[in-house]
Amino acid sequence: MSVFPDAVGLFFHRSASPPHFYALADRFIPWLTVIFVVLILAGLYGGLYLAPSDYQQGDSYRIIYIHVPAAWMSLFIYVLMAIMGGIALVWRIKLAEVMLISSAPIGAGFTFIALVTGSLWGKPMWGTWWVWDARLTSELILLFLYLGIISLHGAIEDQRNAARAVSILALVGVVNIPIIHYSVEWWNTLHQGPTVTKMDKPSIHITMLVPLLIMAIAFKFYYLIAVLQSAKLELLKRESGSQWVKTLLENQA
Amino acid sequence: MSLKSAFFAIIRRDLLLAFRRRAEMANPLFFFVLVVTLFPLAVGAQAHLLQSMAPGVIWVSALLAALLSLDGLFRSDFEDGSLEQMLLSPHALSLLVLGKIIAHWLVTGLPLLLVAPLLAMFLGLPEQAMGTLLLTLILATPLLSLIGAIGVALTVGLRRGGMILSLLVLPLYVPVLIFASSAVDRAASGLPVNAQLNMLTALLFLALVLVPLPTTAALKMSIN
Amino acid sequence: MTLQTFFAMGGYAFYVWSAYGITFLVLLFNILSPVLLRKQLLRQLSLRQKRGNR
């Protein structure tokens, strides 16, 4: 398969080895952090300051700049985890296992953020802290899917088995996510409350849309930083007896 | 032994093993009835309230009964080494696992239909919904066994896997719960339920095809 | 727009700032936690290594 030049293939091959990946992460993280800070400041400035107030919701709608990107990330990360799980199962690449388990708390965090910000957005709008809105309900179930992966990984003692188990679970979960979303949406239309939720399809103006997209991209860079930090920790834990870690420790001293 | 006869042999074996502990077969049934009984005690005995909650209450209770009975699917075979033997057998593990799931459903899921009329009476479910209730039970209880099998396979090696099993399996049960209880609810109002039943059937076929693979992968992992 | 009106968020200050605040805390946690744990692990491992070398 010579679609890619040899150098690219070699790069990926070497990056999959823990010491190389660890060093690569160290090199990338500062740059990613710079990009993230620039984006998040731009997004916050655009969303909190530049964008006009909403006609109906006033300034409370500004929660959208976190709520929607967080919800997108919660789904995006789960799909990534499923892909990593597939790679881990089929090609037995340790790095894929490491990235999977490192991503889970970050994805769970975004899901939690989506739920809490959804609640905080809803309270002034609908008067209650919680509504069984289709999106919120789906997010809640997604949170349980994440917690299941984290719990299962923690409960299995053998590391290889734990990695295989969560890979399987992530794949099973990802197949279920569209089914769950569809069934919850369907259920929600049956029991639609008197107020149509503004969350599902906000009428979005370009001055409001741009900060939203910037925040979404900023969150992706955040994910990269967080997952690399977590992966470094996980690699150290798994490979603490290996030569490259010993060398690392000596170089630090 | 051909694959087909191995498949039926394992179903027969599991049924035989279950029959040897015939008394235990009644446990999911008792649990099912007991849980439903808790609801009037908790929310009060007003007829119209119970009637409107009946489809949901019956279905949540069925879900919990299925969940509780899941552990028996692989537990005894895991503990006495039969599961390892099945892994070593020349026959496709997927089909053997499917056989075990079918036997498990016959013993734990299908009998739930027996008490459905009793529960309908307890909660005042209209008679016109009875048929749909039985139909949803017949379609969805195999689904519960199938989906649950993945969770059991992942946790059978754990000492206290029961709680984690619930955490893993209940989110996956949500679509089944939604469609099944909605069907019974609509039937109680005399509305058509084709959409819901079609969805349940589709999910059932999907599960029949998709469940054996991750389940066998998980079993192989658990046994090591 | 004065700083005051900015913080007031049209009367929704509590909700908006709680939302942004909780988000900030969660994101901070998910970065700090692995970083701090890794530093702790490195310290533990290097102590073990020194003891092993003796």
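Reply: Let us begin with R92(A), which is exposed, as 12 other C-beta atoms lie within 10 Å. The model is a predicted one.

Me: What is the phi of R92(A), and what makes the value worth a remark?

Reply: The phi of R92(A) is near 55°, which is positive in a residue other than glycine.

Me: Is M9(C) buried or exposed, and how do you know?

Reply: The cut-off for a buried residue is 20 or more other C-beta atoms within 10 Å. M9(C) has 20 C-beta neighbours inside that distance, so it counts as buried. M9(C) lies in the loop between α1 (3-8) and α2 (13-53) of chain C. Although M9(C) is not a glycine, its phi is positive, at about 50°.

Me: How do you know whether chain C has the radius of gyration of a compact globule?

Reply: A compact globule of 54 residues would have a radius of gyration near 10 Å, whereas chain C has 21 Å. The C-alpha trace of chain C spans about 65 × 20 × 10 Å along its principal axes. The secondary structure of chain C consists of two helices and zero strands, and buried residues make up 19% of the chain.

Me: What confidence does the predictor give to chain C and to the complex?

Reply: The mean pLDDT of chain C is 89, and 94% of its residues reach 70 or more. For the complex, the predictor gives an ipTM of 0.92 and a pTM of 0.92.

Me: What makes two residues of chain C and chain A count as in contact, and how many residues take part?

Reply: Their C-beta atoms must lie within 7 Å. The contact takes 24 residues from chain C and 33 residues from chain A. On the side of chain C that touches chain A, 16 residues are nonpolar, seven are polar and one is charged.

Me: Which element of chain A gives the most to the side that touches chain B?

Reply: The contact takes 23 residues from chain A and 19 residues from chain B. On the side of chain A, α6(A) gives the most, with 14 residues.

Conventions. Residues numbered from 1 in each chain as written. Chains lettered and ligands numbered in written order. Predicted model: local features only at pLDDT ≥ 70, side-chain atom pairs only at ≥ 80, totals over all residues. Nonpolar A, V, L, I, M, F, W, Y, C, P; charged D, E, K, R; others polar. pLDDT = per-residue confidence, 0-100. Helix = DSSP H or I, 4+ residues; strand = E, 2+ residues; numbered from the N terminus. Rg over C-alpha atoms; globule rule 2.2 N^0.38 Å.
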